[in-house]
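I opened the structure and kept notes as I went.

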Amino acid sequence: MVLWIGTSWKMTKTQTEAIAFASRLRIGAAAGGWPRVQPFVVPPATAISVVRDALGPDSPFVVGAQNAHWEDVGAWTGEVSVPQVADAGATLVEIGHSERREHFGETDRTVNWKVRAVLRHGLTALVCVGEPAEVRAAGGAREHVLSQVAAALDGVPGGSRVLLAYEPVWAIGEKGREPAIDEIAEVTQALDAEYGGVMTALLYGGSVSTANARDLLHTPGVTGLFVGRSAWDVNGYLHLLRIAADVAQEAGEVAAATVPR
Ligand code: PGA
């Protein structure tokens, strides 16, 4: 089992700050890294190429973009395309984060177009889904999320490089509420049952911290974490990577001990 541990910096960090962060990651990787962990960072578009360079050649870190347009080129002022973010050094594209759905008109339909564009160019799609508080309160979380994923993956062939990030809207950001494991397990189990054979990994995101990461990584179906605030300081991110490496190692030992001899 590989645990995917990544952070989106959202609209934070200058190039200088991004390079300083990436340089620390490079040192951590050179010092042995994090076995059975797939780390990734998702800088703002302005810092993708400098982060890629600062991480150096053969880095274990995947570098992503926070968004990309579904068209390859054209008159779309303010947008960047998949070929452009790939050119800057991204091999993964985050799509459909709740902040983009809420503030920038992202819909299930545009998410699907973007997923297809990302896969068409051979990059990995990180698809974010999650229910708002009122849907959760009405008991519709599982249904809402399954329908978002079905729409996002419409027409996408099995075996594509797709990561799902389950991020309940009510758990994200400064006003977010830390979830109970039971609350998210209901949804992650359903996603695992439906898409376990299709997706590359199932990440949880929303108020992840060094205090709850270990428990979150033991949630049924969860094979990674997608982190905002707690990983914006490089020490926080390095701490989370260490926790994940420990969890992955323990899981490996348990698996080895239970293999019949
Ligand atoms: P947060 O953000 O960790 O700061 O809650 C998570 C996210 O938006 O992915």
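**Entry 1: Val 51**

I looked up Val 51 and found it in helix 2. This is a predicted model, so I read every value below as computed. Val 51 has a relative accessible area of 1% and is therefore buried, as the cut-off is under 20%. I listed its contacts, leaving out residues up to four places away in sequence. Val 51 touches Trp 9, Ala 18, Ala 22, Val 41, Pro 43 and Val 63. I also checked Val 51 against Gly 89, which is 38 residues apart from it along the chain. Their C-alpha atoms are separated by 8.6 Å.

**Entry 2: helix 1 on helix 2**

I asked at what angle helix 1 and helix 2 pack. The angle is about 30°, and the axes are 8 Å apart. Angles under 35 degrees count as roughly parallel, so helix 1 and helix 2 are roughly parallel to each other. Their crossing is right-handed.

**Entry 3: helix 1 on helix 10**

Next I turned to helix 1, residues 15-30, and helix 10, residues 234-258. Their axes come within 10 Å and cross at roughly 30°. Helix 1 and helix 10 are therefore roughly parallel to each other. The crossing is right-handed. Helix 1 contributes Phe 21, Arg 24 and Leu 25 to the contact. Helix 10 contributes Val 234, Asn 235, Tyr 237 and Leu 238. I sorted the residues of this contact into 5 nonpolar, 1 polar and 1 charged.

**Entry 4: two positive phi values**

Most residues other than glycine have a negative phi. I noted two exceptions. Lys 10 is not a glycine, yet its phi is positive, about 50°. Lys 10 sits in the loop between strand 1 (3-8) and helix 1. Asp 58 also has a positive phi, near 60°. I placed Asp 58 in the loop between helix 2 (48-55) and strand 3 (62-65). Is Asp 58 buried or exposed? Its relative accessibility is 81%, so Asp 58 counts as exposed.

**Entry 5: helix 5**

I then took helix 5, residues 108-120. Helix 5 has 13 residues and reaches 18 Å from its first C-alpha to its last, close to the 18 Å expected at 1.5 Å a residue. Its buried residues are Thr 110, Val 111, Asn 112, Lys 114, Val 115, Ala 117, Val 118 and Leu 119. Gly 122 follows helix 5, with a positive phi near 80°.

**Entry 6: Cys 128**

I picked Cys 128 in strand 5. Its relative accessibility is 1%, so Cys 128 counts as buried. Leaving out residues up to four places away in sequence, Cys 128 touches Glu 94, Ile 95, Gly 96, His 97, Arg 101, Ala 165, Glu 167 and Phe 226. Gly 32 is 96 residues apart from Cys 128 in sequence. C-alpha to C-alpha, the two are 30 Å apart in space.

**Entry 7: helix 7 and helix 8**

Last, I checked helix 7 with helix 8, residues 181-195. Their axes come within 9 Å and cross at roughly 40°. The crossing is right-handed. Ala 141, Arg 142, Val 145, Leu 146, Val 149 and Ala 150 in helix 7 meet residues of helix 8 including Val 187, Ala 190 and Leu 191. The contact divides into 9 nonpolar, no polar and 3 charged residues.

Helix 8 has 15 residues and should span 21 Å at 1.5 Å a residue. Its end C-alpha atoms are 20 Å apart, which agrees. Among its buried residues I noted Glu 183, Ile 184, Thr 188 and Tyr 195. The buried residues of helix 8 pack against helix 6 (133-137), helix 7, strand 6, strand 7 (201-205) and helix 9 (213-217).

Methods
Residues numbered from 1 in each chain as written. Predicted model: local features only at pLDDT ≥ 70, side-chain atom pairs only at ≥ 80, totals over all residues. Heavy atoms only, no water. Axes fitted to C-alpha atoms, helices over the stretch in contact; angles between N-to-C directions. Helix = DSSP H or I, 4+ residues; strand = E, 2+ residues; numbered from the N terminus. Parallel < 35°, antiparallel > 145°, perpendicular 65-115°, else oblique. Left-handed = near helix turned anticlockwise from the far one by under 90°. Contact = heavy atoms within 4.5 Å. Nonpolar A, V, L, I, M, F, W, Y, C, P; charged D, E, K, R; others polar. Expected span 1.5 Å × (residues − 1). Buried < 20%, exposed > 50% of the residue type's maximum accessible area, 1.4 Å probe, protein only.
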